[in-house]
Structures are given as C-alpha cells and as structure tokens.
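Please read the points below with the sequence and the model side by side.

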Amino acid sequence: MTVPPNRPPTKSRLVLLVALLVVLAALPIVMTVFPDQTWVTNSRLFSFTQMFMLITLTSNWNLTGGFTGYVDFGHAVFFGIGAYGTGIFMNEAWPFWPSMLAGAVLAAVFALIIGYPTLRLKGPYFSIAMLGMFVAMREIVRVAKPLTGGGVGLTLPPYLNRPLFYYVTFFLAVLVVGIMWWIRRSEFGATLIAIREDEVGAEMRGINTTVNKIAAFVLAGFLTGIVGGLWAYQNTFIDPDGVFFPSRTVELVMMAMLGGLGTVAGPVVGATTIYWMRDVVWANLAEWHLFAEGMLMILIVLYAPQGIMGKLGDRSGTSLLRVWRNPLRRSALEEVPEDEVSV
Amino acid sequence: MSAVTPLLEGRGVTKRFGGLEAVKAVDFKVMPNEIVGLIGPNGSGKTTLFDCLSRVQAIDEGSVHFQGIDITRLKPHQVAHMGMSRTFQVIRVYRKLTLLENMQVSRQWRGENLWSQMRPSHKDVEERSRDLINFLRLEHLTNEPAGTLSGGQRRLLELGMALMPDPELILLDEAASGINPTLVEEIKDRIKTLNQEQGKAFLVVEHDMHFISDLCNRVYVLNYGEKLAEGTPAEVMENEAVIEAYFGS
Amino acid sequence: MDLFLQALINGVMLGGFYAAMMLGFSVIWGVMGVINLAHGEMIMVGAYLSWLLNEHVGMDPFASLLIVMPVMFIIGYVLQLILINRVVDRPILVSLLVTFGLSIAISNLVNVIFSADPRLTDTALEGAWSVGNVTFPVTKTAIMGVALLIMTSLWLFLQKTRTGKSIRAAAQNKQAARIVGIDINKIYALTFGICIAITGAAGAIISPTQAIFPFMGVPLTLRAFTITALAGLGSIPGALFGGIVLGIVESMIGVYVSGIGTNLAIIASFVLLVVILITRPQGLFGGLRPIEEPVQL
C-alpha cells in the first residue's frame, strides 16, 4: 500500500464511523416501525438523499480538482448529461436503471472527448474552459428540442419512493467515498497527487500524465453522471435552467474547498456542513442563502484555503494556494522570466 | 579494442531562445559506466543542455542518441522509459507525498496499463522503494511527507527517485548544491557505489570542483553555450581558456 | 446579398458594443493580474441602475450614463480597496475564485431585491435609418457610437495622460513602477474604478435593447474572456478586432440559422474560446503584456 502521511484511524474512530453508517442505514426502518415519531419522515429522508448526492458529487469533483489539481468550474456539466441522458432514454420507454447507466456512460464519453483538449490547459484556463462548457451545454440542450424537449423540458415517468432513493443514494455515497479512499491508497492516487504537485517533473520521471489525468476526469464524469440520473428520476421533471443552474457547479468547488481539497474526508465534511447550513441556518433566510454562499466562498478562499480537514491537521490534502502557487507547475516549455533563467 | 557504442551521444546540439543561443553545436559523449562532469560558469548552458537531453526542451539543431537510438524528438516520459533519469537544479520532489510514495511513484512505468495502477501496490515496488530509502540512509523518514525534509535530505530523495527505474544513466544537476559537507560526502559515496557496484553511468553538472575531481573520469567545460574544453579533471583545471572563462584574464 | 450585408452590419455594430463591454475585464486583467469573473454582474448592475432611473425618474438610459458611470466608479473603487486588493498579489486562480463568489453573491442579491422578472428600459431614440436595403436602427447606432466614444476616451486616457501612463507602467512591471514613485495601490483602485465605470456604462446602454435580469452576467463574462483571448490583455485595438469578429460570428449564426440562432451563438463563442486558448493563447495583438501561457505539455 502507499502510505498517506496521516496515522491510520484509531479503533475508536472506526467504531464511531461504523455506528454512524448503521444509524443512517436504519433510518427508513425506524420510520416504518415507529410511524408516529416526527423526526424521521419522508421529507427528512428526501432531505438526506439530497445530502448524499452532494457528498457524492463533491467527492467526484475532488478527484479532478483536489487530487489532480485541475479545478473544474464546470463539473456539473456531467450531472446535466447524466440527467438528460436518463430522461431521454426513459422517454424511449427504457426502464430506469439502464437509462441511468446510459446517461452516465454518455457523460463519461463526453469527458473522454473534451478531456484531451481541455486538460492541456493550465489552471485558470482549464477552469474557465469548463465553465464555458457548462454554459454551452445548457444552450445545446435548449437547442436540441426534438431530443431534449428544449426550453420546455422533459418529464420522466413519476416514481415516488423516498426510502428507495434514500438507500440508493446512501449506498452510492458510501461506495464513492470508499472508491476515493481506495484510490488515495493506490499508486493511481499517488500518481495523481504527483501530477498535481509537479506535472512536468512527473512527466520527466516517466509518468504518462495525459492518460492519468484523463482517467481521473472520465471516472469523475461517469460517477457524476450517475448522480444526475438519480436526481432526474427523483425530480421527475428536468429543464435546461433547472439542471444547468449555475450554482450547481460552483457549490461543488466551495464544498470541496471548505472540507479540504485533496483529502478523502474533505468532500464529506464540506458537503455535509454546507448542507446543514442550508437546511438549518439559512432555511429562515430563504432567498438569501445563495448570496450568503457567494460570500462564504470569498471568505473560505481568503481565510481558510486549506479547509476544515486541513485545519484539523490532515496532511495529505492541499490548499488552493499551493495548487496554483507552486512554481514547479509551470510548464517547462514556456519562457522563464528573466530573473529565473539558469543555464 | 572493439568500438563500444556510447551510452549517450550528442552531436551538434543547439538550442535557441529567441535570439539567444543557449547551447551552441555541442558534441559530447558518455560511455557506459563512466562518470562524466559538465562544468562552466553561470549562464553557460548546462541546465539547458540537460533539459534538452531529458526532452523538456526542444532541440533546434543536432541530434542526441541514447544507447544508439535517436531520442531527439521523443517525449520526456518516453526518454525516462528508455533508462535515463535525472535530478534537478531546483529540487523537485512531491511535497505532499511521503518518501515512500515519492519512491513508488517514480518507478519504472513502461509497459504498465492504468488498471494495474489501481491495485494497492506492487510488493516488489514497495520492497525496492524501501531498499533504496535504506541505501540512502533515510529510513527514519519513510512515512513523512517529503515537504518536511531538509534540503539535503530532499536531494538524497531525488537521487533515490532517479534510481527507482533502475536507469543506465543518471543526469545529476547540481546534486551537491545547498547541502552541508557531510551530506555531500554521503552523496559522493552513494554515487561511487552505484557506479562501481552496479555499473551505472552519470553525467554530473556541478560547481564544486572537489566534487568533480573526486568523482569524474572526464569533464566537459561549457562557456556561453559552447564546448570550451574537455579532458580529465586535472587537465581541465589547468587549461588556460577555462581559467580565463571562470576568472577573467 | 442584402441579408448578408445586413447581418454583417449588425455584426459590426454588435461587435463594437462587445469591444466596449469587455474592455474593463481585459484592462483589469492586464494591469492587476486579476481575472474578474464578476464582470458580467457589473454590466448587470449598470443596467439595473439605468432601469431604476428610467422607471422612477423617467431618465433616458443614454442620459443616465451621467449618473451611472460615477456611481459605478465609486462601487469599483471601494470594491477594489476592500476586496480585490487582497487577491492582487496572489496566484491568479485566487482572484478567479473570489470573483466567482462575488458574482454569485451579487447576482443573487439583485435577484432578492428585484426578482428575476426581466426588465427593459425605454429610450427616446427610436426608428431606423435606411441606406439602400440595409437598416441601421437608431438605438443600436447610438450604442455603437457610445461604445466607440468610450473606447477612444480610454485609449486617449491611457496613452496621453500622466495617470494613464502610470497605469500602463504598472501593468508592464510593478516593481519598476513603484521605484519611479508610482503609488501602486492608488493606481489599482483607480484602474478598477474606471473599468467598472465603463462596464456599468455598457450595461446601461444595452438596457433598451435587451431584457435585463439578475443572471444575465455569466455568458457576458465568457464573451469577455473569449474576446480577451483573441485580443490580448488590455489592447484596445485588439478588443475592437476581437469584438467585431465575435459580433459577426454571432450575427451570422443568428441570421442564417433560424430559430435556434441566438443559442447557437453562445455555443459558438465558447467553441471559439477553447479553439483560441489551444491554438494561439497569447492573443493576436500584444496588449499590455502577454497572457500567461495557458497550455502546458
């Protein structure tokens, strides 16, 4: 195993984690067995479902953004492709699961196609190119009316089953976080981090950075496409503005940053925190919450770039500033400023 | 004596940056098992030459052959796969990865596919990593992030990373700069061992003349991108043109 | 042929406007090394200011420039002092994230205050002139006129005035500028203020022809980015060139592809952006300084 620089979790921490998972898994059962209590309701399950989806999405984003260092401002485009893929296929009378898978595969293929040109771009240019991709896709969807229903939107066969969606998204979240944990401990994870830390050096040491970057990008895209499909089915209705809503793509960046870029627990912590803030703190402020989130993003970037896990001492992650300040990330093929030329 | 193919041979290597010729028609060679030095005043083109050899800079004119194969147009990772490693003037280690991870990630990647990378790790890679870390006497830091190491320790780590793919030739760019004399002796000692016991060749850029004369069989001197002189360390140090280049007339 | 000519004329006029619209973005980037992703929101705010004046005081949007520009200048100046100044010396992506957050904050703030209902202003300038079979709507011509005025004024300011030269010096080499006694912080605040004023003005003059709503900013920011990539940082001739290229592309698509033209135009501008970034990232004109190399290995 590669050994990330933190001490392995203590036994008590592991027990706590397992207990938490068991409790979460049991909630729907609690609801059936004790129908009169008011804490676990369908609405609560729905709420948690959204949270699990956020955790999954943020973890996926973290693979490209946190581990590999390519900060994707348009990652939600894969969510949208997954959602629309699912919607389109279900409207062709496909059952849900194949539709969702097809949508995710579409997202992965799209990632593969755009990965080649965009992953060659550095830092801010990659970020903005992906943002543009997100905006462009919204318009493409709007324009492809016969396929996507255009601006009017698409309706999926309705299916109401809160507990089922709860379990599926819960399972997905656990699976994805598990995958990220596994990746972090594998050579693939160490390679991605090497690429983040020093892409040129990695290339010089024999790592095929292109293949590795694209693999991470495609995997993240695929997993995000799955969430898109699930969301679409649960929402029953999708339209370009609802699916490709700008804050969807921004919030991923923010949650990952808040939690701690490049750590495994970071996305979980970040997504959960934001989620509870929305549910509890900002529920009263209703329309102001997006404004508040914009301000929060500014504060995080300026004052806590290493995120919560970073502050808690997780040494395996990184902070926003490190990702882009590191002079070694500069391409070796560019002109080096005069005062740094060394021949 | 039969003619032996040079391990590394450059013919007429030229590199321009706009109007400046940083490397001008340089011929050189490194034979198997040799330790060759490359010296010259600041700005003479040494690191640029290294960048050309490891292929992060395009070579404008001339050619470079490694083990008889023309590498002039290859990509950096392809050259690495062929058996040539290097270290860097500005230390490049992966600061957020542990020493062990730094080593594991620097292994020989040729012929691997992505799938095999997803496995936890290869036992033999881990063993080799640990062996090399021990060889470099850094075992106590195995699980520390590389960013916490001192400069000298990082230079040793870089050497280790360059050794992981079991290369034939190692380009060392100022491996002794900025570290204390004891560690410099360490590094020299490790290089000698690798050369004598494992037959590895080295091309060494260095400013420290003791380092050069102690280690190298032959030395090339560059000045303003051109080859000024070549010979044994002793010959080169007595060469008038070389003295003038360093100290003025 | 007439259709083509009309589309071309429309494209040029649109392009002239685009050029003025994105200058603020480009100059801020060139001078301060800050990518202002809240650029579109500044346009939006200028437009809303103009609408407020139009709605409550009956002021014509073109006349409102007299109020909008100073107000936006103050907003920009203050914003620079309290926020942007903190990201100026940091890696460029920090500015990206901070301004992205700002863009979310501002657009949602406006949404809360004014709701998402689209607004439009009324202007006294109506009708159109005809030359042969080509029409020049008066409003659009006025927009183009104001745009050219803005560009020329900025150019004169940067080239001929002392402050303008200081700004250009600061863009080239901050350290050297400091050494010759230029107060960098003041220059930055001034530059930002001026750029926001221009950007707000663009929003004001567009308000009669385009529905304004809180989330109109992002596509505009992306257009600014595309034109900057075409033009080079802070280059006014480049901006005109890039703006017109984009304007013509969008106009042609809008006219010749019926029904979905306008949406395709957005896609086209984005594709153009990626193509430029990959093929000729330093832009076609020099500008204040070269764009940092966007492509690696």
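1. In this predicted model, B:Gly10 has B:Phe28 as its bridge partner in β2(B). Strands here are DSSP runs of E of at least two residues, helices are runs of H or I of at least four, and both are numbered from the N terminus. Two strands count as paired if DSSP finds at least two bridges between them.

2. The model is predicted, so local features need pLDDT of at least 70 and side-chain atom pairs pLDDT 80 or more, while totals for chains, interfaces and linings use all residues. Residues are numbered from 1 along each chain as its sequence is written, chains are lettered from A and ligands numbered from 1 in the order in which they are written, and side-chain values use heavy atoms, without hydrogens and water.

3. Which strands make up the open sheet in chain B? The order is β2-β1-β4-β5, with antiparallel pairing. The edges are β2 (20-30) and β5 (69-70), each of which pairs on one side only. Two residues separate the strands in the hairpin of β1(B) and β2(B), where B:Gly18 has a positive phi near 60°.

4. Another antiparallel pair in chain B is β9 (residues 218-223) with β10 (residues 226-231), joined by five bridges. B:Val221 has its bridge partner, B:Ala229, in β10(B). This hairpin also has two residues between its strands, and B:Tyr224 takes a positive phi near 50°.

5. Chain C brings 43 residues and chain A 49 residues to their contact, where contact means heavy atoms within 4.5 Å. The buried area is about 4500 Å², 81% of it from carbon and sulfur atoms; this is the accessible area (1.4 Å probe) that the two parts lose on being put together, summed over both. Between these chains there are zero salt bridges. On the side of chain C that touches chain A, α4 (92-114), α9 (217-231) and α11 (261-279) each supply at least two residues. The largest share, 14 residues, comes from α4(C).

6. Is B:Glu158 buried or exposed? B:Glu158 is buried, at a relative accessible area of 1%; buried means under 20%, exposed over 50% and partly exposed in between (1.4 Å probe, protein chains only). B:Glu158 sits in helix α6 (residues 151-163) of chain B. A polar atom of the B:Glu158 side chain lies 2.6 Å from the backbone nitrogen of B:Arg92.

7. The whole structure holds 27 salt bridges over all chains, each a side-chain nitrogen of Lys or Arg within 4 Å of a carboxyl oxygen of Asp or Glu. One of them joins A:Arg278 to A:Glu251 at 2.5 Å, N to O. A:Arg278 is in helix α13 (residues 265-281) and A:Glu251 in helix α12 (residues 246-259) of chain A, 27 residues apart. A:Arg278 is buried at 19%, and A:Glu251 is buried at 9%.

8. In chain B, the side chains of B:Asp173 and B:Arg86 form a salt bridge (3.6 Å, N to O). B:Asp173 is in strand β7 (residues 169-173) and B:Arg86 in strand β6 (residues 84-86), so the pair ties together parts 87 residues apart in sequence. B:Asp173 is buried at 0% and B:Arg86 at 7%.

Conventions. A polar contact is a pair of N or O atoms within 3.5 Å; within protein, one must be able to donate a hydrogen and the other to accept it, and residues adjacent in sequence count only if both atoms are side-chain atoms.
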